[in-house]
Amino acid sequence: MTPGPLAADLFHSVMEAAQHRCQCAGACGQPHAKGEGRCTREHGRHAGKHSGPIRLMAAAANPLTTELAAAALPVSELRAWCPPCFTAARRAAQRATAALGDDQGGLFDL
């Protein structure tokens, strides 16, 4: 399924606001020292000699937000993410949530 004009406009708005650069500022667990605290990956640029171009995505600023919920968010609540940063940020946020000890009265709790 190809994105319609509304989705394309939303994507372009997010990319313009991010200046076509990943907006991760350490949420993935990396300090991004070379980019002064922000990921250096840019949309359409190659990440290295043996890799293809980076394709940024527009996703919620909170990596735990579901894709369905993110689709309804305004541009101000979306960020440009490179896939490695987004995946790592989501995993880090999931670990942090699990570490809080969400006591939901599991079946095997003694």
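Gln19 is exposed, with a relative accessible area of 60%; exposed means over 50%, buried under 20%, and partly exposed in between, with a 1.4 Å probe and protein chains only. This residue is found in the loop between helix 1 and strand 1. Phi of Gln19 is near 60°, a positive value in a residue other than glycine.

His20 is found in the loop between helix 1 and strand 1 and has a positive phi of about 60°, although it is not a glycine. His20 is partly exposed, at a relative accessible area of 30%.

## Basis of the values

This is a predicted model, in which local features need pLDDT of at least 70 and side-chain atom pairs count only at pLDDT 80 or more, while totals for chains, interfaces and linings use all residues. Residues are numbered from 1 along each chain as its sequence is written, and side-chain values use heavy atoms, with hydrogens and water left out.

## Chain layout

The chain has three helices and two strands, in the order α-β-α-β-α from the N terminus on. Helices (H or I, at least four residues) and strands (E, at least two) are DSSP runs, numbered from the N terminus.

Of the 110 residues in the chain, 22% are buried. The accessible surface comes to about 7900 Å², with 56% belonging to carbon and sulfur atoms; areas come from the Shrake-Rupley method with a 1.4 Å probe, and for residues only the protein chains shown count as cover. Among contacts (heavy atoms within 4.5 Å) between residues at least 6 apart in sequence, 48% join residues at least 24 apart.

## Cysteines

A search of the whole structure finds zero disulfides, a disulfide being a pair of cysteine sulfur atoms within 2.5 Å. Cys22 is in no disulfide, and the nearest cysteine sulfur, that of Cys82, is 3.8 Å away. Cys22 is buried, at 0% relative accessible area.

The sulfur of Cys39 lies 3.8 Å from the closest cysteine sulfur, in Cys85, which is too far for a bond. Cys39 also counts as buried, at 3% relative accessibility.

## Largest pocket

The largest pocket holds about 350 Å³ of space. A pocket is an open set of points on a 1 Å grid over the protein atoms alone, where a 1.4 Å probe fits, with protein on both sides within 12 Å along at least five of seven lines; lining residues have an atom within 4 Å of a point. Grid points are joined across faces, edges and corners, and the volume is the space filled by probe spheres set on the points.

The lining has 15 residues, of which Ala58, Ala59, Glu67, Ala70 and Ala71 lie nearest the centre. Strand 1 gives the most, with four residues.
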